[in-house]
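Here are some notes to read with the structure open beside you. Take the points one at a time and find each residue on screen as you go.

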Number of protein chains: 2
Amino acid sequence: MKSNNVPHRIYLSEDQIPRQWYNLRADMKEQPDPMLNPATMRPVTEADLRPVFCDELAHQELDAVTRYVDIPEEIREFYKMYRPSPLIRAYSLERALGTPAKIYYKFEGNNTSGSHKLNSAVAQAYYAKRQGLRGLTTETGAGQWGTALAEACSYFGLPLTVYMVKVSYNQKPFRKAVIQTFGADVVASPSDTTEAGRRILAADPETGGSLGCAISEAVEKAVSTEGYRYVLGSVLNQVLLHQSVIGLESKTAMEMIGEYPDVIIGCAGGGSNLGGLIAPFMQDKLTGRADPRIVAVEPASCPSLTRGRYAYDFCDTGRITPLARMCTLGCGFIPSANHAGGLRYHGMSPILSKLYHDGYMEAVSVEQTKVFEAAVFFAKQETILPAPESAHAIRAAIDEALRCKETGEEKTILFGLTGTGYFDMTAYSAFHDGAMSDYIPTDADLQKGFDGLPAVPGVR
Amino acid sequence: MKSNNVPHRIYLSEDQIPRQWYNLRADMKEQPDPMLNPATMRPVTEADLRPVFCDELAHQELDAVTRYVDIPEEIREFYKMYRPSPLIRAYSLERALGTPAKIYYKFEGNNTSGSHKLNSAVAQAYYAKRQGLRGLTTETGAGQWGTALAEACSYFGLPLTVYMVKVSYNQKPFRKAVIQTFGADVVASPSDTTEAGRRILAADPETGGSLGCAISEAVEKAVSTEGYRYVLGSVLNQVLLHQSVIGLESKTAMEMIGEYPDVIIGCAGGGSNLGGLIAPFMQDKLTGRADPRIVAVEPASCPSLTRGRYAYDFCDTGRITPLARMCTLGCGFIPSANHAGGLRYHGMSPILSKLYHDGYMEAVSVEQTKVFEAAVFFAKQETILPAPESAHAIRAAIDEALRCKETGEEKTILFGLTGTGYFDMTAYSAFHDGAMSDYIPTDADLQKGFDGLPAVPGVR
């Protein structure tokens with residue numbers, strides 16, 4: 001098929017849903033540094049992880065060797081309800097920009113959770129169910145992960161408690177209602193259901209909570225409840241593994257139409273979408289088969305790649321999780337109230353951090369008013385209302401296409417459209433009303449975060 | 001393809017998007033009675049309609065002869081951004097119900113407007129633009145139509161003013177924000193921008209408005225503004241014509257998998273979705289090629305088919321529109337605050353009313369708590385969060401499938417899933433909280449509406 005005959009939406013057949021996830025670590029010449037048990041400062045073992053994660057996921061987290069992991073049939077059956085997701089040729093956007101570039105995007109918002117998060121949620125719920133667990137706990141900030149996991153747990157008949165950051169719980173009652181529709185318990189965090197929550201409430205009864213606090217509560221609840229485990233929607237290696245379906249489908253669809261991207265762009269908070277989207281293309285890069293540019297886009301207000309340190313740090317603000325070596329702003333760094341809640345995380349997937357550190361990946365940071373300008377422009381052209389997180393990738397893709405317009409290059413651009421913005425209209429309204437600010441942390445702000453980094457013997 | 005090998009989601013190719021809409025009237029042996037000009041009590045002419053509708057749409061409204069109407073290429077180009085919509089086999093729902101029935105649904109919620117309304121919105125915006133009009137006006141209640149039209153007008157660069165029922169304007173700020181994202185003006189109705197609005201405000205400054213009032217304002221604004229016309233998202237013949245894409249695609253997809261529905265189920269407010277979904281199947285019925293059951297589902301709180309009169313009535317509460325003969329509860333009937341705002345309309349498409357009156361179609365009414373039970377059950381199984389309107393069809397489809405379970409019949413059920421419920425979480429919350437009531441009008445309530453029906457000489 002010639003690229004000018006490409007349909008607007010390229011759907012794979014159901015048979016083309018991947019049968020295996022791709023484990024990027026298997027092709028990395030240099031591995032990410034191991035997670036450390038904070039009590040011993042030694043690499044964590046599966047045994048260390050099993051009280052927190054279910055057995056199969058503890059295994060996947062540490063397995064850097066198995067290149068392809070079979071997707072259980074039950075998970076593929078679930079995937080068939082909303083996958084393959086479409087690869088979309090942005091003809092209308094290209095016309096509006098007047099660019100010679102060809103723009104493609106992989107749209108992961110066509111499911112009720114409204115985002116790519118469901119790809120890992122269903123896997124994590126399935127393994128928990130198969131192990132005979134009695135329930136799961138998790139935290140949610142913006143709410144996409146909480147929604148996706150509630151959907152997956154409902155399908156497998158697994159009880160779920162979601163600790164939702166209190167400020168979100170109060171500001172996003174509709175998100176809460178969707179999660180409740182799928183039968184999950186939603187608890188405003190901090191709460192009086194955990195030691196951690198009670199301690200924080202005692203210190204500051206009026207606190208709106210934080211993701212770090214919600215993680216602490218969810219982990220405590222999981223490890224202190226018989227038959228429960230904790231699950232997380234990003235950052236972890238297992239999550240990137242599951243999310244590889246995004247990239248695998250994208251690559252197959254592009255092959256069907258005779259295309260290969262010159263540049264691949266994804267938004268990056270904890271890295272779940274970016275890691276999944278780029279996986280098979282990064283494989284090409286690591287194995288010398290191709291050399292596409294890979295660009296991570298992060299908010300200027302939370303620039304863990306572009307301005308962070310590559311260092312060992314806690315994954316949570318409460319400093320109870322294992323230490324991971326990653327690009328981080330310091331677990332004590334509190335990002336400003338950027339509307340892309342899903343990108344407000346101090347760290348970044350250790351796999352992506354390593355790849356970035358080793359020069360396999362670029363990163364740019366963008367300011368949120370510029371992001372919303374791109375979001376509105378895109379919505380008008382492509383008729384999809386993007387999530388603020390996804391709009392970071394749109395911003396960078398538009399900028400790339402505009403550079404092509406200047407140079408005349410007919411580049412093929414692929415970006416990830418992770419989800420829809422139906423629950424983010426407060427942010428859109430702030431943009432329409434001119435009430436959106438662009439806070440960029442000063443070097444002094446960042447230094448405070450770096451000062452709180454834990455000391456790890458033997459690591460610079 | 002055998003029906004047990006049917007994929008979960010059946011997508012047609014882009015080439016299979018219909019090239020022509022199907023005009024059901026061309027195959028009706030008995031035509032619906034003509035619309036009447038209330039000033040003359042004579043059938044309306046295209047000339048009568050042209051001050052209100054653009055020329056092509058005035059023509060389509062009255063054209064009962066042309067069986068197939070070419071879809072302009074510009075509209076097909078837009079359709080390609082979100083069509084063909086998937087026909088989905090509800091395997092998970094079937095399993096959960098334990099029914100031998102095969103359940104299919106045509107899902108029209110996979111576009112930003114979140115509903116099927118976009119199919120007609122793009123057509124109406126296109127014809128207005130082609131005529132060189134300067135702008136459009138419309139009204140919106142639940143907000144699906146306002147969103148869809150804003151999206152279409154934005155694409156064609158056509159200014160739009162949406163009169164949004166004030167109570168919705170205040171209760172659904174996020175709907176308003178989406179419409180504004182697409183660049184449309186949103187005015188809370190009643191407003192001081194029209195005579196009609198000022199009159200109503202003078203009488204009752206605290207009124208929350210009504211769809212009838214919003215229609216009056218939108219029509220007044222259109223006819224009093226140079227180069228403006230008014231557009232409507234349901235009830236009209238032209239809207240059913242455009243919505244025939246739903247049924248045409250459904251029929252093609254079912255043919256591809258060797259299926260034909262025994263029963264076709266759709267929710268019915270003004271009739272836009274139902275009329276579109278059933279069009280080619282009703283053609284089979286009218287021409288004797290097949291005889292599927294066709295079932296309209298309406299709220300028990302607003303039962304225009306099951307308990308209404310087949311009579312001439314105004315299309316609006318303000319009694320300024322032409323008279324249409326239809327199943328109606330009387331233009332003065334004020335439906336209770338059912339959460340399915342899109343089904344709160346006193347009348348029903350004249351085409352569908354005639355078909356129902358002549359025995360080609362069945363109708364059932366359902367209570368809203370039963371509807372939300374079905375919605376939540378469906379969401380958990382099929383992972384799509386349905387709009388309350390769509391959930392009426394789900395309720396009836398589930399009831400049909402449960403009857404098949406009793407009788408052992410392997411019926412093939414097709415229903416229309418018109419949209420998603422992302423902006424209806426207040427309703428879901430009310431359901432979760434047990435705060436939802438089932439109001440059914442008494443015969444005396446209905447009589448009041450019937451008493452207000454206009455007298456039309458020569459019609460019983």
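Predicted model: local features only at pLDDT ≥ 70, side-chain atom pairs only at ≥ 80, totals over all residues.

1. Is Thr383(A) buried or exposed? With a relative accessible area of 2%, Thr383(A) is buried, because the cut-off for that word is under 20%. You will find Thr383(A) in the loop between helix 14 and helix 15 (388-407) of chain A. Its phi is near 60 degrees, a positive value in a residue that is not glycine.

2. Val235(A) sits in the loop that runs between strand 11 (228-230) and helix 11 (237-256) of chain A. Val235(A) has 7% relative accessibility and so counts as buried.

3. Next, look at a peptide bond. The one from Arg83(A) to Pro84(A) is cis, with omega near -10 degrees. Pro84(A) belongs to the loop between helix 3 (73-79) and strand 6 (87-89) of chain A. In chain B, a cis peptide bond joins Arg83(B) and Pro84(B), and omega is about -10 degrees.

4. How are the two chains related? A rotation of 180 degrees, with 0.0 Å of shift along the axis, superposes chain A on chain B with an RMSD of 0.0 Å. This is the relation of a two-fold axis. The copies meet through the same surface, because 100% of the interface residues of chain A are also interface residues in chain B.

5. Now turn to the aromatic rings. A search of the whole structure gives 35 aromatic pairs over all chains. Why is the pair of Phe174(A) and Phe174(B) called edge-to-face? The ring centres are 5.8 Å apart and the planes of Phe174(A) and Phe174(B) stand at 80 degrees, and planes over 60 degrees apart count as edge-to-face. Phe174(A) lies in helix 8 (residues 173-181) of chain A and Phe174(B) in helix 8 (residues 173-181) of chain B, so this pair joins two chains. Phe174(A) and Phe174(B) are both buried.

6. Compare that with a pair inside chain A. Phe378(A) and Phe415(A) are edge-to-face, at 6.2 Å centre to centre and 70 degrees between the planes. This pair links distant parts of the chain, with Phe378(A) in helix 14 (residues 368-382) and Phe415(A) in strand 17 (residues 412-417), 37 residues apart. Both Phe378(A) and Phe415(A) are buried.

7. Rings can also gather in a group or meet a charge. Ring pairs link Phe78(A), Tyr79(A), Tyr82(A), Tyr126(A), Tyr127(A), Tyr155(A) and Phe156(A) into a cluster. Elsewhere, the charged end of Lys176(A) sits over the ring of Tyr169(A), 4.1 Å from the ring centre. Arg309(A) lies over the face of Phe450(A), at 4.2 Å from the centre of that ring.

8. Finish with the sheet of chain A. What is the order of its 7 strands? This open sheet runs 1-6-7-17-12-13-16, with mixed pairing. Strand 1 (9-10) and strand 16 (362-366) are the edge strands, each pairing on one side only. Strand 12 (residues 263-267) and strand 13 (residues 293-299) run parallel and are joined by 5 bridges. Helix 12 (residues 272-286) packs on the sheet and touches strand 7 (102-107), strand 12, strand 13 and strand 17 of chain A. The direction of helix 12 makes about 155 degrees with that of strand 12 of chain A.

Terms used: Residues numbered from 1 in each chain as written. Chains lettered and ligands numbered in written order. Heavy atoms only, no water. Phe/Tyr/Trp six-rings, centres within 6.5 Å; stacked < 30°, edge-to-face > 60°. Helix = DSSP H or I, 4+ residues; strand = E, 2+ residues; numbered from the N terminus. Buried < 20%, exposed > 50% of the residue type's maximum accessible area, 1.4 Å probe, protein only. Lys NZ or Arg CZ within 6 Å of the ring centre and 35° of its normal. Least-squares fit on C-alpha atoms with pLDDT ≥ 70 in both. Contact = heavy atoms within 4.5 Å. Pairing = 2+ DSSP bridges. Axes fitted to C-alpha atoms, helices over the stretch in contact; angles between N-to-C directions.
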